[in-house]
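Take a look at the sequence and the model below. Then read on for a brisk tour, from the whole chain down to its pairings.

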Amino acid sequence: MAQDTRKPSTSTQSTHSGTGGDYSFRCKDAGHNDCSWEAHGHSEDEVLRKVEPHARERHHIQNFDEHTRNKVRGAIRRAAA
Ligand SMILES: [Zn+2]
């Protein structure tokens with residue numbers, strides 16, 4: 001638990017205004033219990049595009065194939081409006 005203290009300040013980069021979108025994804029929900037990363041977007045695809053580089057860089061998932069996408073989609077939640 002004392003391992004993941006140095007995380008890059010990627011959370012400061014916001015592409016659009018506000019916190020972002022109806023859809024959210026938490027890495028925890030995909031099974032990475034020690035990762036507090038999460039993404040938001042206005043659509044599943046938008047979230048998926050953010051998840052892909054994160055998965056590659058942080059979790060060394062090189063082949064982001066259909067199976068992985070489906071797993072991520074299954075973990076994406078839609079916020080109640
Ligand atoms: Zn993660």
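## The chain as a whole

Buried residues make up 15% of the 81 residues in the protein chain. A residue counts as buried if 20 or more other C-beta atoms lie within 10 Å of its own, as exposed if 12 or fewer do, and as partly exposed in between; the C-beta atoms are placed from the backbone. This is a predicted model: local features need pLDDT of at least 70, side-chain atom pairs count only at pLDDT 80 or more, and totals for chains, interfaces and linings use all residues. Residues are numbered from 1 along each chain as its sequence is written.

The protein chain has two helices and three strands. Along the sequence they follow the pattern β-β-α-α-β. Helices (H or I, at least four residues) and strands (E, at least two) are DSSP runs, numbered from the N terminus.

## The sheet

The three strands form an open sheet in the order β2-β1-β3, with antiparallel pairing. β2 (38–41) and β3 (77–78) stand at the edges, each with a single partner strand, so one side of each lacks a neighbour in the sheet. Two strands pair if DSSP finds at least two bridges between them. Strands of a sheet pair through backbone hydrogen bonds, either parallel or antiparallel.

Strand β1 (residues 23–26) is joined to β2 by four bridges. Phe25 stands opposite Ala39 in β2, and Tyr23 has Gly41 in β2 as its bridge partner. β1 and β3 pair over two bridges. Here Tyr23 stands opposite Arg78 in β3. Which face of β1 is covered? The covered face holds Tyr23 and Phe25, while Ser24 and Arg26 are on the uncovered one.

## The helices

How do the two helices α1 and α2 pack, and at what angle? α1 and helix α2 (residues 66–75) pack at about 120 degrees, with their axes 10 Å apart. That makes α1 oblique to α2. Axes are lines fitted to C-alpha atoms, for helices over the stretch in contact, and angles run from 0 to 180 degrees between N-to-C directions. Angles under 35 degrees count as roughly parallel, over 145 as roughly antiparallel, 65 to 115 as roughly perpendicular and the rest as oblique.

In α1, Glu44, Leu48 and Val51 meet Arg69, Val72 and Arg73 in α2. Two residues are in contact if their C-beta atoms, placed from the backbone, lie within 7 Å.
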